[in-house]
Amino acid sequence: MGTPTIQTTNIILAEDDTDDAFLFNEAIDELSLAVELTIVSDGEQLMERISNETIQLPDVIFLDINMPRKNGLECLSEIRVSKRLYNLPVIIISTSYDEEIVNQLYINGADYYIQKPSVFEALKNVIHLALNLISEKNQLQPPKESFVLTDKKAKMALR
Amino acid sequence: MHPKRKHQNTSISDRTIIESIKDAVIVSELSGKIIFTNHAAEELFDYTSDELLGRDIDVIFPPGLAHEKKKMMDSILWGEKIENYETERIDKHNKAIYVWVSLSALRDSKGKLRGMTKVLRDITDKKKSEGKFQALLESAPDAMVITNNFEQMVLVNAQTEKLFGYNRTDLMGEDIGKLIPMRYEQKLIDHCKKFFEDSKVNVMGVSLELYGLKKDGTEFPVEISSSPLNLDEGLFVSTAIRDITTRIKNEAKFRGLLESAPDAMVIVNKQNTIELVNAQTEMLFEYQREEIIGKQVEILIPNRFKELYSRHRKEYISEPRTRAMGVGMDLYGIKKDGTEFPVEISLSPIETEDGALVSAAIRDISEQKRSAIELQNYAERLEVSNKELKQFAYVASHDLKVPLRKILIYTGRMLENDFITEKGRKYFQLINETADRMQTLIEDLLTFSSIASTDKAIKTSNLESIVKEVKKTFSEELKEKNATIEIGELCEADIIEFQIRQLMHNLISNALKFSRSGIPPLIRIQARRMKGSDLKSDKLQPDMEYCHIFVSDNGIGIEDKYQEKVFGVFEKLHSRDEYEGTGIGLAIVKKIVDNHKGLITVRSVLNAGTTFDIYMPLRNKR
């Protein structure tokens, strides 16, 4: 074809909670970005999908921590040791905030960390910020100070 | 009058013979004038012949013995026979010489009395040793009595006089039985007789319960030891009599002490034999004391401890001091019927006249052991319970907060859009606010319940940096309310950092919340070291050091009657309309202070301000 197509960002969301999955979808919709969203509901499904060489790799994975069968931490470790997958941007999106767990995720190579906000607007903002940062296509893991994405940071960056 | 004796050898003169006599010979006229001395006399009195001849015999008399001279003279004059006797003379240097004197009358060929002949024998040495002997006797701490083979007292010392209340003259020649109550006399006599059959020192005493009898009739317990005394004059018995009233009293006291001791007391000698036990021992081990006295102490110990015990005993003998046996070990005693029971043993050395003994205090610790086991069980159950609580807190943290968050998002969504009517929005608003409050409540409750179960240790920290960090988190609110936080001098404190951060956060949050309208809030935070005794309160230990933190504000204050209440969980002094809050903020603060084993108090004046005083114990003396 000759017509240039808009670059769609391919997102996989690994999330077992149906509400959170629904909200994420709503947020993406409202952001009106060129995004293709796939949702898997546990770690096993995620690894199956991205290990399937017939399917195109996503541009970014949004990863929940607490999932049945295989949790987010395990997935992250597997991704980072895989020759094929290690470069995949992974953004943790989690219910809680525990200093030690956040540290552990940073050490294990996650790119960013988002604590699920309780305000919808904030959810949109952080997802937007995260996608912007990923699109900058930095090869290196960001510094620790920039690891955690908050609504506040998002508001400032998106102004 | 004897005829002139004939000599065998006429070449030896009488003079020579007299000169050869070892004893001093002095002849004096009736007037007393010395007319003859032999060589021995010169030697004895250290005069030359010339110095003595012609002088009065007084010269060798010590001043006090003038009467003796007169008596001698009288006896000579009256023709009495004078018995040889011992007396004192002085030499040229006025030194006393003890002599044995033999006097005889000097008559001329017609038989007329012309003077006196004295033969003097130096007995100073004998007297010295007699004197020494006498001195020894006198200096003896015990009553010393010397008896002859008829049990008659021939010599006693001053102690005898003192002890029995007699004058020695009363006792001389008396039967030694005079010093003993009638009923013991035979015993004593038999004892003395033994010496003449088998002379060896032996002790007759306490075990035979001998008593002494004073002049006034009172009796007292004594210990007697006798030994043979071989003198020129014959075989005598020297007996030492010791008043053992005090010793008997002390022994009785000791026994009394032993009997009254709450623990079983077992006294063991060097041969590991039980010498003495008390009633408690009988009760505890269920033996009659006769059954175990004389036996090896091991009969009270179960077999498996016998080796430990003998090892410990060897150590103990080499280094005897009061200490516990088998510290940190489970020791057991064994009763007569074979039942075992847990014990604690502490050993101490006892010095007695019979040698070193070991006193073992044995305590039945069955009760303590039972309590210790119960305590252990309780601690374990508590541990389990704590773990469960922690788990619960964690679960609540996620499983309760998750649906809450969603409620908030959904209600929030409703409010963002034009889905519903004004009225509808109002209700969703209320739902949203309620859910929000619930979220804060859960978080506060979780914080509250997790305070005591944290794994974080207490560390010495710089309060200044913590307070400054917390202050930063309020920077927006401070700007909004035109509030100031003055941070004064802050000393170091021994704290769990994240908890103190929470504490500061809550206190500052309160101070800002409960400010007076129209008046810019001013919060002061200071911390200084002080001693427990500085605060006139029995809640602090006087010799402990504390870090006194105070957080004060100029807000609405707290009425006196509520000042205690404010630290209660869910205690609020205002309705929700007036001031938002879960009512747990200060409860969390107090729990944090309690967790540090500190103290928090509040002082306040309504509409003026409030000050929170926190006292955190400092671990190390600086």
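This is a predicted model: local features need pLDDT of at least 70, side-chain atom pairs count only at pLDDT 80 or more; totals for chains, interfaces and linings use all residues.
Residues are numbered from 1 along each chain as its sequence is written, chains are lettered from A and ligands numbered from 1 in the order in which they are written, and side-chain values use heavy atoms, with hydrogens and water left out.

Let's start with the sheet in chain A. You'll see an open sheet of 6 strands, in the order S2-S1-S3-S4-S5-S6, with parallel pairing. Strands here are DSSP runs of E, at least two residues, and helices are runs of H or I, at least four, numbered from the N terminus; two strands pair if DSSP finds at least two bridges between them. At the edges of the chain A sheet are S2 (35-40) and S6 (148-149), each with a single partner strand, so one side of each has no neighbour in the sheet. Now look at S1 (residues 9-14) of chain A: 6 bridges join this strand to S2(A), and the two run parallel. Across from Ile11(A) you'll find Leu37(A) in S2(A).

Next, how do the chains meet? On the chain A side, 18 residues are in contact with 12 residues of chain B, contact meaning heavy atoms within 4.5 Å. About 1300 Å² is buried between chain A and chain B, and carbon and sulfur atoms give 47% of that. Buried area is the accessible area (1.4 Å probe) that two parts lose on being put together, summed over both. Of the area chain A buries against chain B, 36% comes from Leu23(A), Ser118(A) and Phe120(A), more than from any other three residues.

Last stop, chain B helices. H13 (residues 366-416) and H14 of chain B have axes that come within 9 Å and cross at roughly 160°. Axes are lines fitted to C-alpha atoms, for helices over the stretch in contact, with angles from 0 to 180 degrees between N-to-C directions. H13(B) and H14(B) are therefore roughly antiparallel, which takes an angle over 145 degrees, whereas under 35 counts as roughly parallel.

On to H14 (residues 422-450) and H18 (residues 585-595) of chain B: their axes come within 9 Å too, crossing at roughly 15°. That pair is therefore roughly parallel. Touching there are Asp444(B), Thr447(B), Phe448(B) and Ser449(B) of H14(B), with Ala587(B), Ile588(B) and Lys591(B) of H18(B).

Key. Angles under 35 degrees count as roughly parallel, over 145 as roughly antiparallel, 65 to 115 as roughly perpendicular and the rest as oblique.
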